[in-house]
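Thanks for coming. I will take a few minutes to walk through one structure, starting with the whole chain and then moving to some local details.

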Amino acid sequence: MTKTNAGINAGILSTGRAYPEGVLTNADLEKMVETSDEWITSRTGIKQRHRAAAGEYTSQFAVAAARQAVERARIDASEIDLIICATVTPDQILPSTACLIQAELGAHNAAAFDLAAACSGFIYGLTLANQMIRTGQSRYALVIGAELLTRYVDYTDRGTCVIFGDGAGAALLGPVEGDRGILAARIRSDGRYAEQLFAPGGGTRVPPTAETLSSGMHYFKMRGNELFKVAVRSMTDIAREVLAEAGYGAHEVRLFVPHQANQRITDAVAEKLSVDSEFVYSNIAMHGNTSSASIPIALDECLEQGLAKDGDLVLLVSFGGGATWGAVALKW
Ligand code: UT7
């Protein structure tokens, strides 16, 4: 049924986060591959990452994060009409993780689907939810980024295993009053970069067999150095575009929450944009790169710390495998 909020701004009403208790420190990794705390810290900013135990699965953390967001928004789960779960590490191929989350939440009036845009999944989800709310198709939309990346990490490959971690973050979107909410949102992709971060096996092209598993074809392979440069350029460009569309300059940003891929990427983008370092949020030291979960986890931490105040300009920017990238400018 078409709702009556067409033309109204969409905003983030509440957030939540959850991750496994298990932690893998740089010291732990030193015992697994030829690396050092010094190398990981200086090249990435990461000190530890959460890692799911055997038996844990993506939707557990997604549901926990989503429950917090729904409770904090003080709405009933039955009022949610859209659930987007951004993930490249779903519980299983069928059904979507979003449908599993829907059932657990009791959000029986929602349309639910998964969205695969790697580390940009949450920004893609926000962009879609924004449109659905603005056009009146949805009133309350739940956007979740949830990943158990460590299930696809090769712990003999030091180029990837030091980076990735597990977790989930959620945001509940709904109509907001006045000039608050999402001011501009843009998403992009370029499939020519597909093989810079990919899992060659496990799908229909190279179906899972004993052989593909033993040769590790289901693990993520990454050409990190090449991606690094594309990430800095793409994130900077798209951030400038959304800020221009929103009618603001980067010097007016009061909270910058980029995808937590690498501290050096965050620093380079912030510097190119001229966003003051006091407004740049980073939690990569504690979480590593959690792909689609990184921005909503970080945003939830920011809100807990009171870092977004009424009227503040908030900038979210992502880059990920695909390649995919995107940015959202919001007035808090
Ligand atoms: O989530 C969004 C998508 N992903 C990204 O945006 C990732 C972007 N890329 C990165 O974050 C970085 O490229 C990495 C952290 C993955 C790698 O850092 P880097 O500074 O680009 O290193 P590199 O790949 O150029 O490698 C430099 C050296 C190499 O040794 P040689 O050939 O110079 O002797 C690597 O073998 O560092 C070596 N190396 C390591 N040494 C110790 C690579 N990984 C490690 C490691 N420990 N873990």
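**Overall fold and selected details**

In this chain, among contacts with a separation of 6 or more, 78% are between residues 24 or more positions apart. Please keep in mind that this is a predicted model.

Let me continue with the chain as a whole. It has 11 helices and 13 strands. The C-alpha trace spans about 55 × 45 × 35 Å along its principal axes.

Now to burial and surface. Of the 332 residues, 56% are buried. The chain exposes about 14,100 Å², and 50% of that comes from carbon and sulfur atoms. As for charge, there are 29 positive and 37 negative charges, and their mean positions are 4 Å apart.

Next, the aromatic rings. How many aromatic pairs are there by the rule used here? The count comes to 3. I will go through two of them.

One is Y152 with F220. Their ring centres are 5.7 Å apart and the planes meet at 20 degrees, so this pair is stacked; the cut-off for stacking is under 30 degrees. Where do the two residues sit in the chain? Y152 is in the loop between β6 (140–148) and α6 (158–161), while F220 is in the loop between α7 (210–214) and β10 (221–222). The pair therefore ties together parts that are 68 residues apart in sequence. The two partners can also be described by their accessibility. Y152 is partly exposed, with a relative accessible area of 29%. F220 counts as buried, at 13% relative accessibility.

F220 also pairs with F164, and this pair is edge-to-face, with 6.0 Å centre to centre and 70 degrees between the planes. F164 lies in the loop between α6 and β7 (166–175), and F220, as said, in the loop between α7 and β10, so this pair ties together parts that are 56 residues apart in sequence. Is F164 buried or exposed? F164 is buried, with a relative accessible area of 4%. Taken together, Y152, F164 and F220 form one aromatic cluster.

Now the backbone. A cis peptide bond joins L94 and P95, with omega at about 0 degrees. P95 lies in the loop between β4 (80–86) and α4 (97–105). There is also a cis peptide bond between G322 and A323, where omega is about -5 degrees. A323 is placed in the loop between β12 (313–320) and β13 (324–331).

Which phi values deserve a look? S274 has a positive phi, near 65 degrees, in a residue other than glycine. S274 is found in the loop between α9 (263–273) and α10 (284–287). With a relative accessible area of 52%, S274 is exposed. S291 is not a glycine either, and its phi is positive at about 55 degrees. S291 is in the loop between α10 and α11 (294–304). At 3% relative accessibility, S291 counts as buried.

Why can α11 be called largely enclosed by the rest of the structure? Because 9 of its 11 residues are buried. Among them are S294, I295, P296 and I297, and also D300 and E301. Just after α11, G306 takes a positive phi of about 70 degrees.

E104 is in helix α4. E104 is exposed, with a relative accessible area of 52%. Which residues does E104 contact, leaving aside its neighbours within four places in sequence? The answer is V63 and R67. For a sense of distance, E104 and R254 are 150 residues apart in sequence, and their C-alpha atoms are 36 Å apart in space.

To recap two points: Y152, F164 and F220 make one aromatic cluster, and α11 has 9 of its 11 residues buried. That is what I have for today.

Conventions. Residues numbered from 1 in each chain as written. Predicted model: local features only at pLDDT ≥ 70, side-chain atom pairs only at ≥ 80, totals over all residues. Heavy atoms only, no water. Helix = DSSP H or I, 4+ residues; strand = E, 2+ residues; numbered from the N terminus. Buried < 20%, exposed > 50% of the residue type's maximum accessible area, 1.4 Å probe, protein only. Contact = heavy atoms within 4.5 Å. Areas by Shrake-Rupley, 256 points an atom, 1.4 Å probe, with all protein chains shown as cover. Lys, Arg positive; Asp, Glu negative; His and termini not counted. Charge placed at Lys NZ, Arg CZ, Asp CG, Glu CD. Phe/Tyr/Trp six-rings, centres within 6.5 Å; stacked < 30°, edge-to-face > 60°.
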